Structure formats: structure tokens, C-alpha cells
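Welcome! Take a look at it first, and then we will go through it topic by topic.

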Amino acid sequence: MDTTFTNLVGCTAPIQLAGMGPVCSDELCAAVSEAGGLGMITVAATSPDTLEGRLDHIRRLTSRPVGTNFLVPAVDRECLRIAARSVRVVDFFWGDPDPELVSIAHAGGALVSWQVGSVHEARAAEKAGCDFIIAQGIEAGGHIRGTLGLLPVLTHVLDAVGVPVLAAGGVGNGRTFNAVLAAGAAGARCGTRFVAATESGAHPAYVAALVRADADEAVRTSLYNVGCPLCPSTHGVLRSAIEAAQALSGEMAGEMRMGDQVMPVRRFQGVPTPVKAMSGHIEAMCCYAGQSVGDVHGVKPAAAIVRELTGQV
Ligand SMILES: Cc1cc2nc3c(=O)[nH]c(=O)nc-3n(C[C@H](O)[C@H](O)[C@H](O)COP(=O)(O)O)c2cc1C
């Protein structure tokens with residue numbers, strides 16, 4: 001399936017895996033790329049050595065294009081330079097488009113994408129030199145940048161910029177995928193669907209909660225703001241998680257193991273998303289979900305999700 005995005009990036013399916021912190025395991029990133037899409041990892045709280053190791057590992061899993069996602073409040077410039085030398089796409093979110101970050105990524109040889117929530121931000125991203133833009137609607141899971149639904153923000157961004165534009169937020173089945181292509185998008189960036197991929201790093205209890213939820217159980221809130229560098233923010237999360245967190249008696253939701261370290265996970269902590277290294281009240285943690293959660297009916301390999309979205313089933 002050819003679009004301006006696939007031609008630019010060199011992939012065959014117009015799907016970008018959303019950066020999703022530790023949910024984006026090396027295996028999930030590689031599996032999406034192997035299926036023809038653009039696999040991504042998020043680089044946050046990562047040392048340069050760890051990043052080099054992850055990129056080497058991903059290279060052993062796939063030789064297809066992959067990308068790295070950076071959250072603007074926490075960009076480590078050394079990691080950015082390493083990523084830019086190794087991956088096809090360097091992606092940014094959650095900050096004003098910054099020509100300096102774009103030029104560092106370009107200098108390493110990567111293409112640059114920026115996820116935006118408004119037309120104003122899209123114009124700034126194009127002016128900063130971005131090669132493609134992702135227009136995010138408020139249907140999205142995780143942190144929501146703007147205030148518009150997907151079709152209004154997508155179509156206005158398409159009118160405002162000349163670079164390819166992907167659609168993000170609520171795209172979880174073949175119909176919504178075709179709808180955004182019909183509206184002019186060059187592809188879709190999908191997150192929630194891939195949380196429930198076989199290769200995902202998400203905690204099984206979080207995935208089970210996604211499988212149980214209908215689309216209207218993904219709600220927008222600002223409650224998961226504890227220890228979150230992206231807050232204050234609006235975020236798309238499961239209603240059941242909010243209710244479970246409200247029902248907790250203390251201020252702790254559980255803990256996370258990182259090597260020898262055990263770190264507390266506090267009630268309403270906003271990062272990271274519940275992953276396998278966590279224990280405790282997983283159902284009360286930040287179980288981010290967009291309205292596409294209504295399309296999560298079970299756990300499937302990432303390749304099957306890519307095929308389902310692009311109608312190759
Ligand atoms: C669990 C989860 C974690 C997310 N974490 C990030 C992140 O680390 N970086 C980022 O750019 N976007 C993040 N997002 C937002 C996505 O980039 C994207 O906008 C969103 O997933 C699109 O909506 P969808 O979930 O309905 O597909 C996250 C989304 C989810 C669901």
C-alpha cells in the first residue's frame with residue numbers, strides 16, 4: 001500500500017506504531033516494522049549505553065525502518081544524536097516544535113516527525129523542518145495535546161501544511177483506518193491497539209482491562225498527574241483505572257522493579273504505563289487507552305493487527 005508516508009520512510013504499510021514508553025518493547029517495535037509498518041521505541045530515562053544496546057538488539061530483529069520517539073520535556077541530546085545516526089525516523093511529542101532538535105536529528109541522517117494537537121503547532125512543525133507530521137485528536141490514548149476531535153484537526157492540518165500527515169487517535173480498525181486515508185491522511189499512528197499485541201511490554205492485567213473495555217470506557221482526565229513530567233495534561237485512560245485508584249486506601253498503588261532497584265508506584269502516578277516489571281494494584285495504575293480500545297478484542301501478534309488495520313485479512 002503506497003502513500004506519501006510509505007514512500008518517504010521506505011515501509012510498505014502506512015502505520016506508525018505510537019511511541020508508548022516501555023510498552024514499546026524492542027520486540028514490538030521490530031514486529032511492526034517486519035509487518036511493513038514503522039516500529040517505534042520511546043527514549044525516556046534511558047542512558048546512551050542502554051539506547052545503543054536497544055538499537056543493536058532491534059537491528060538484529062529487523063533490518064526494516066524503525067523510529068525513536070522523544071518527549072520534548074526530557075530530550076537527552078546525546079541519545080538524540082545516537083538515535084539520529086541509527087534509525088530512519090526521529091519523532092517528537094509534547095513540546096513546541098524546535099528547529100534545533102530537528103536539525104540535530106537531520107544532521108545524523110534521520111527523518112523527523114512531530115505529533116501535534118493543533119493547526120498552529122503543525123505549521124510550526126513544518127517551519128521547524130519536520131518531514132512529516134502526526135495530527136492527534138482527542139480520541140487518543142495517553143497524553144492529549146490539543147482540544148479537537150481527529151477529523152477536524154486532521155483536515156485543518158492537511159490544509160495548512162505540505163508535508164505528509166498521519167492521523168492519531170481512535171484509529172483501531174479497518175474502517176477508521178480507511179476513513180482517515182479517505183480524509184487525506186498518509187497513514188495512521190496507532191497506540192492502544194498495539195498495547196494488546198503479543199510482543200507488547202504492557203502488564204497482562206492492563207491488557208485484560210483493555211480487552212474488557214468498550215470504546216466509551218476510555219475517558220479524558222487530568223487525574224494521573226503524580227510524578228509526571230508531561231503534566232498538567234489531559235490524558236485518555238480507562239475509567240475502570242480511575243475508579244480503582246479512587247478506591248485505594250493508601251497513597252501507594254504498587255511497585256516497579258528496575259534491575260536491583262524497587263521503586264514505589266504512587267496512586268495516580270502518570271508514568272510509566274503499567275508494564276510487566278510492576279506489581280500491586282495494576283488495575284489502578286495509569287491504564288492509558290484511547291477510544292480505539294473498543295477494537296481491542298484480544299491479544300494478537302502485531303503483524304495481525306497491522307494486517308487487520310490495512311485490510312489484508
Ligand atoms: C499506553 C500509551 C502510552 C503513550 N505514550 C506515549 C509516549 O510515550 N510518547 C508519545 O509520543 N505518545 C504517547 N502516547 C500517545 C500516542 O502517541 C498516540 O497519540 C495515541 O496512542 C493515538 O491514539 P490511540 O491510542 O487511540 O491509537 C501514548 C498512548 C498510549 C495509549
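The protein chain divides into two parts, domain 1 (4-199 + 297-309) and domain 2 (204-292). Please keep in mind that this is a predicted model.

**Where the domains meet**
- The centres of domain 1 and domain 2, taken over C-alpha atoms, are 22 Å apart.
- Contact between them involves 27 residues of domain 1 and 20 residues of domain 2.
- On the domain 1 side, the elements giving two or more residues are β7 (142-144) and α9.
- That side of domain 1 is made up of 14 nonpolar, 11 polar and 2 charged residues.

**Around the ligand**
- The ligand is surrounded by 28 residues, and the closest are Phe93, Gly141, Gly142, Gly191 and Gly290.
- Two or more residues of this shell come from each of β3 (66-71), β9 (187-190) and α9 (192-195).
- By class, the shell has 15 polar, 11 nonpolar and 2 charged residues.
- Because domain 1 and domain 2 both give residues to the shell, the ligand lies between them.

**A pair of helices**
- Helix α4 (residues 77-86) and helix α5 (residues 99-108) have axes that come within 7 Å and cross at roughly 40 degrees.
- The two helices are therefore oblique to each other, and their crossing is right-handed.
- From α4, Arg77, Leu80, Arg81, Ala84 and Arg85 meet Leu101, Ile104, Ala105, Ala107 and Gly108 of α5.
- This contact of α4 with α5 comprises 6 nonpolar, 1 polar and 3 charged residues.

Notes: Residues are numbered from 1 along each chain as its sequence is written. This is a predicted model: local features need pLDDT of at least 70, side-chain atom pairs count only at pLDDT 80 or more; totals for chains, interfaces and linings use all residues. Axes are lines fitted to C-alpha atoms, for helices over the stretch in contact, and angles run from 0 to 180 degrees between N-to-C directions. Helices (H or I, at least four residues) and strands (E, at least two) are DSSP runs, numbered from the N terminus. Angles under 35 degrees count as roughly parallel, over 145 as roughly antiparallel, 65 to 115 as roughly perpendicular and the rest as oblique. A crossing is left-handed if the near helix is turned anticlockwise from the far one by less than a right angle, and right-handed if clockwise. Two residues are in contact if their C-beta atoms, placed from the backbone, lie within 7 Å. Ala, Val, Leu, Ile, Met, Phe, Trp, Tyr, Cys and Pro count as nonpolar, Asp, Glu, Lys and Arg as charged, and the others, Gly among them, as polar. A residue is near a molecule or strand if its C-beta atom, placed from the backbone, lies within 6 Å of it. Domain bounds come from an automatic or database domain assignment.
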